[in-house]
Amino acid sequence: VVPGVAWAVIGSSPVTVLPAETVAAVSGALAQLGTPFAPGAAGPDAYDCGGFTAASWVRAGFALDPTPAGQWRAGTAVPTSSLQVGDLVLSP
């Protein structure tokens with residue numbers, strides 16, 4: 001069992017059903033493919049790393065600090081084995 005993720009079966013194939021917030025954040029992120037990277041940018045014409053993740057998650061109703069350092073400080077560390085779809089993965 002993965003918290004926040006449900007499984008369904010369509011025909012004989014398992015399907016992952018994600019929370020609406022995760023779908024909104026990931027869909028928003030994918031819609032930005034091809035948008036340029038620019039240091040210090042928070043969109044919509046260009047993004048840096050923190051600006052991109054903050055913009056993606058705000059569409060899902062979650063306000064994140066626009067900097068990777070702020071996201072690191074506000075986040076909760078989890079073991080790699082406990083990562084879930086939609087989790088932000090940060091490294092120093």
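Visitor: What do buried, partly exposed and exposed mean here?
Guide: Buried is under 20% relative accessible area, exposed is over 50%, and partly exposed is in between, with a 1.4 Å probe and protein chains only.

Visitor: OK. So is W57 buried or exposed?
Guide: W57 has a relative accessible area of 13%, so W57 is buried.

Visitor: What kind of model is this?
Guide: This is a predicted model, where local features need pLDDT of at least 70, side-chain atom pairs count only at pLDDT 80 or more, and totals for chains, interfaces and linings use all residues. Residues are numbered from 1 along each chain as its sequence is written, and side-chain values use heavy atoms, with hydrogens and water left out.

Visitor: How many aromatic pairs are there?
Guide: The count is 2. Rings of Phe, Tyr and Trp (its six-membered ring) pair if their centres lie within 6.5 Å; planes under 30 degrees apart are stacked, over 60 edge-to-face, and the rest tilted.

Visitor: How do Y47 and F52 sit, stacked or edge-to-face?
Guide: Edge-to-face, because their planes are at 80°, with the ring centres 5.8 Å apart. Y47 is buried at 6% relative accessibility, while F52 is partly exposed at 27%.

Visitor: And what about W57 and F62?
Guide: Their ring centres are 5.7 Å apart and the planes are at 75°, so this pair is edge-to-face. F62 is partly exposed, at 42% relative accessibility.

Visitor: Changing topic. Where is D45?
Guide: D45 is in the loop between helix 1 and helix 2. Helices (H or I, at least four residues) and strands (E, at least two) are DSSP runs, numbered from the N terminus. P44 is in the loop between helix 1 (20-31) and helix 2, and a cis peptide bond joins G43 to P44, with omega about 0°.

Visitor: Is D45 buried or exposed, and what does D45 touch?
Guide: D45 is exposed, at 66% relative accessible area. Leaving out residues up to four places away in sequence, D45 touches T35 and P36; contact means heavy atoms within 4.5 Å.

Visitor: How far is D45 from V23?
Guide: Their C-alpha atoms are separated by 22 Å, and the two are 22 residues apart along the chain.

Visitor: Which residues form the nonpolar patch on the surface?
Guide: L64, W72, L88 and L90, with about 330 Å² of accessible area together. Patches take residues with over 30% relative accessible area and no salt bridge, joining like charges within 9 Å and nonpolar side chains (Val, Leu, Ile, Met, Phe, Trp, Tyr) within 5 Å. A salt bridge is a side-chain nitrogen of Lys or Arg within 4 Å of a carboxyl oxygen of Asp or Glu. Areas come from the Shrake-Rupley method with a 1.4 Å probe; for residues, only the protein chains shown count as cover.

Visitor: Where is L64?
Guide: In the loop between helix 2 (49-58) and helix 3 (68-74). L64 is partly exposed, at 31% relative accessibility.
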